[in-house]
Amino acid sequence: MKSSLGFLIGLTCALLLTLIVGENPFHVFGIIIKSSFGSSYDLGLTLFYTTSLIFTGLSVSIAFKGGLFNIGAEGQLSMAALGMVIFANTFPHIPEPFSYLCIFIVGSSVGILWGIVPGLLKAFRESHEVIVTMMMNFIAAGITSYFIVNVIPNPQSQNPESIVIGNSYRFNQYDFVNKFFPDSPANVFLLLAILSAFTLHFFYKKTALGYELQMAGENNLASERAGISSKKMMILAMAMAGLFASGSGMNEVLGFSGQYKMGFSPEFGFIGIAVALMSNNNPLGIILSAFLMGSLHKGSSDLDFETNTITRDFSKILQAMIILGVGFQYFLNKKFFRRHDGTN
């Protein structure tokens, strides 16, 4: 609830900025709402964005819980998507349902491997995870670009995209979620994302390992005194961050397009930081905050056509202002709520 107030403050301030360029804030807000929920297709596209943002929000949040800052979800989801496309085209004849199991394991493994590297460097070399994950994002961008352009390009298209994987690897034919949102990219991975959030909530609340990870994130010296290996928890947090980020790549490749399209992620990894902050790293809160950010991202897409001076890039201003609003709310909580009731 406290973060919700920060969200409203940020949203209000961002909309008021439209006055500077001569637009009516209520008109802009109406466009965003209509574009997000105006039809079943619009709602399906909003839920598609929400799915990816739940995964990246969980990725960022578990790193926060472990006392780390994962800014590399963008690279992790990109490498997972590329790994799945390469595997599916290397082994095109694996029968169902083993094909689903294999490609799910491949995508998850690539995400974990790309996430665990900064965890290992942090644990054993004390490298700063922000710098490492940022550099790995650039490495991932270079690798994916090379493979899409030179190794597995789509011969039927002039766009920078890979060849399409076989139907035996795609979930479209069994996708009952998409039937509620015809022609939209919404798919069954929405349910998997929500299930992942509940699983992580259970992990924190009901398992000893989840408790140890949170304790190591709060105070690694105290956790070491209690017999909890902070190095082990760092590696675990970053490995799980990579695992959750890979879900965003699966949402695109297995649930929707069946291929790697250059730029398929409109910076889901970075928006996931805002999603995690808005929810205060609560896995269940991430479902709602991802839906809000997904709605704003989809809603801003029509501003190019419906206004004279505002473009879809306004969504970035919205995200930035909302992050500032949530940060301001956090400051107020520390300053005033603690003073009166002893809690944040």
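What follows is a run of questions and answers on this predicted model.

User: How many aromatic pairs does the count come to?

Analyst: Ring centres have to lie within 6.5 Å to pair. By that rule, the number of aromatic pairs is 12.

User: Phe203 and Tyr204 form one of those pairs, so what is its geometry, stacked, tilted or edge-to-face?

Analyst: The ring centres of Phe203 and Tyr204 are 6.0 Å apart, with 50° between the planes. Stacked needs under 30 degrees and edge-to-face needs over 60. That makes the Phe203 and Tyr204 pair tilted.

User: And what about Tyr260 and Phe264, which geometry does that pair have?

Analyst: Here the centres of Tyr260 and Phe264 are 5.2 Å apart and the planes make 85°. Both residues are buried, too. With edge-to-face starting over 60 degrees, the Tyr260 and Phe264 pair is edge-to-face.

User: Is Tyr204 buried or exposed, and which residue puts its charged end over the Tyr204 ring?

Analyst: Tyr204 has a relative accessible area of 6%, and buried means under 20%, so Tyr204 is buried. A charged end sits over the Tyr204 ring, 5.2 Å from its centre, and it belongs to Lys65.

User: Which residues do ring pairs link into a cluster?

Analyst: Follow the ring pairs and you get a cluster. Its members are Phe48, Tyr49, Phe256 and Phe268.

User: Where does Ser184 lie, and which backbone nitrogen does its side chain reach?

Analyst: Ser184 is in the loop between α6 (129-151) and α7 (189-206). At 5% relative accessibility it falls under the 20% cut-off, so Ser184 counts as buried. Beyond its neighbours within four places in sequence, Ser184 is in contact with Tyr41, Gly44, Leu45 and Asn178. At 3.3 Å, its side chain reaches the backbone nitrogen of Ala186.

User: Ser168 sits in a loop too, so what does it touch?

Analyst: Ser168 lies between α6 and α7. Its relative accessible area is 16%, which makes it buried. Setting aside residues up to four places away in sequence, Ser168 touches Pro92, Ile94, Glu96, Ser99 and Tyr100.

User: What C-alpha distance separates Ala14 and Leu318?

Analyst: Ala14 belongs to helix α1 (residues 2-17) and is buried, with a relative accessible area of 0%. Not counting residues up to four places away in sequence, it touches Phe314, Leu318 and Met321. Ala14 and Leu318 are 304 residues apart along the chain, yet their C-alpha atoms are separated by 5.6 Å.

User: Is Leu192 buried or partly exposed, and which residues is it in contact with?

Analyst: Leu192 is found in helix α7. In C-alpha terms it is 9.9 Å from Ile54, 138 residues apart in sequence. Leaving aside neighbours within four places in sequence, Leu192 is in contact with Phe55 and Phe104.

User: Why is α12 described as largely enclosed, and which residue reaches Leu284 at its start?

Analyst: Helix α12 (residues 283-299) reaches 24 Å from first to last C-alpha, close to the 24 Å expected. It is largely enclosed by the rest of the structure because 12 of its 17 residues are buried, including Pro283, Ile286, Met293 and His297. At the start of α12, the backbone nitrogen of Leu284 has a side-chain oxygen within 2.9 Å, and that oxygen belongs to Asn282.

Technical notes. Residues are numbered from 1 along each chain as its sequence is written. This is a predicted model: local features need pLDDT of at least 70, side-chain atom pairs count only at pLDDT 80 or more; totals for chains, interfaces and linings use all residues. Side-chain values use heavy atoms; hydrogens and water are left out. Buried means under 20% relative accessible area, exposed over 50%, partly exposed in between (1.4 Å probe, protein chains only). A charge sits over a ring if NZ of Lys or CZ of Arg is within 6 Å of the ring centre and within 35 degrees of the ring normal. Helices (H or I, at least four residues) and strands (E, at least two) are DSSP runs, numbered from the N terminus. A polar contact is a pair of N or O atoms within 3.5 Å; within protein, one must be able to donate a hydrogen and the other to accept it, and residues adjacent in sequence count only if both atoms are side-chain atoms. Contact means heavy atoms within 4.5 Å. The expected span of a helix is 1.5 Å times one less than its number of residues.
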